[in-house]
Structure formats: structure tokens, C-alpha cells
Amino acid sequence: DPDSDLELGLTGTWGITPDLTFSGAVNPDFSQVEADARQLDVNEPFALFFPEKRPFFMEGSDFFATPLTAVYTRMIRDPAWGLKVTGKEGSHTIGAYVVHDDITNLVIPGSESSDFTVLEQPNTVTVLRYKYDVGNRFTLGGILTDRVGTGYRNRVAGIDGLYRFDDRDSVRYQVLGSETRYQEATARELDQP
């Protein structure tokens, strides 16, 4: 049928070493992913949280975990391609990915509610996560997320750590900073600087 749209996709994984994995996807097909559970959104002033169910983002997601959720992959709406490296070599744990998204979803958090808009433009998302274990008692980590589109940029960077006093007691910390720039029209529409 000449009117049907045929879209090919490719997903692959390569074990660089027994503990380091490279994954790639071009035009990933997420049509078989189970639907989100329905959530009541009547009179809900803040954005709803939906858990990630897409295989490319779920596999190795623990490598990107931090005490405060700094990575929310559900903002990546329509990925055209993605590359990811995850693994642990000795005391070093790494997670990194770059994804090109054809649509830019924006959630603008506020003290009393959140705003939401969609920019019909592509963006590129980069996430870098590194952790270093000092023995079995202390872990130090860092994270950088970067999302860039035409006239739009959002960066979050931070450090975190864990100190284990014994098997039951520990201290965990995280410090994050962020910077966001919008197109002038978007900033006016959403009442942002």
C-alpha cells in the first residue's frame, strides 16, 4: 500500500567488557511498552510522575540513580536515536547516554503549581554519571544532565556521596545546581525570566 508509512528501527547491545555495556537505538519502537497506570489528574496542581517503562531507558537505570531524582527520562518524548554506556570497572561506576529527541516537553515547576508546554522542535539530551568507591564504606559521585534545543537549554550538575558507619547506619548527601534558558516567546508565555 503506497499510503502506509514504514519505519525501520534498530536496537543493539554490545558487551565491551564483562562489566561494561554499550547500547544503541535508532528510531526505537516503544509500541509494545505497557500502558501507564491511570492517575487522577483532576485539580492536580503539579505534574504527575510516571515510571519509565521503555527498555532503552530502563536497562542500566540504576547507574543513573542519585539520592534526589536528577534524571527523569519520561521528558524524552519521541527519541530518534540514542547511545548509552553503563558499567562498573573496579571502584569506578559510569553511566552515560546521548539521546536525540524530536519533541521538547517542558514542565515549569512553581511553588503552587506546575505549567506544561510542548515545543515542536528537537533537542539533544546528555547525561553523565560517575561514582567512585573508596573501600566499602565511602562512595563519592557526580552527575551532569544537559538538554539543548534551539533557543532552549537546561543543565543540572551535582555531587553526592554515601558514608557507611556500619551495616545499619549511614549518611547520604547530594548537592545540585541548575541553569535554564528559554526562547523569548516561551519565557513570556510561561512567565519565566
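Q: Hi! Which residue in β9 is the bridge partner of Arg 147?
A: That's Asn 154. Strands here are DSSP runs of E with at least two residues, helices are runs of H or I with at least four, and both are numbered from the N terminus. The model is predicted, so local features need pLDDT of at least 70 and side-chain atom pairs count only at pLDDT 80 or more, while totals for chains, interfaces and linings use all residues. Residues are numbered from 1 along each chain as its sequence is written, and side-chain values use heavy atoms, leaving out hydrogens and water.

Q: How many bridges join β8 to β9?
A: There are 12, between β8 (residues 138-149) and β9 (residues 152-164), and these strands run antiparallel. Two strands count as paired if DSSP finds at least two bridges between them.

Q: And what's in the turn there?
A: The hairpin has two residues between the strands, and Gly 151 takes a positive phi near 75 degrees.

Q: What about β9 and β10, how many residues lie between them?
A: Five, in a hairpin. β10 covers residues 170-181 and runs antiparallel to β9, with 12 bridges joining them. Arg 153 stands opposite Arg 181 in β10.

Q: Switching topic: which residue in the turn of the β3 and β4 hairpin has a positive phi?
A: Gly 90, at about 60 degrees, and this hairpin has two residues between its strands. β3 and β4 (residues 92-101) pair in the antiparallel sense over 10 bridges. Asp 101 in β4 is the bridge partner of Pro 79.

Q: Where does β2 come in?
A: β2 (residues 20-26) pairs with β3 (residues 79-89) in the antiparallel sense over seven bridges. Ser 23 stands opposite Lys 84 in β3.
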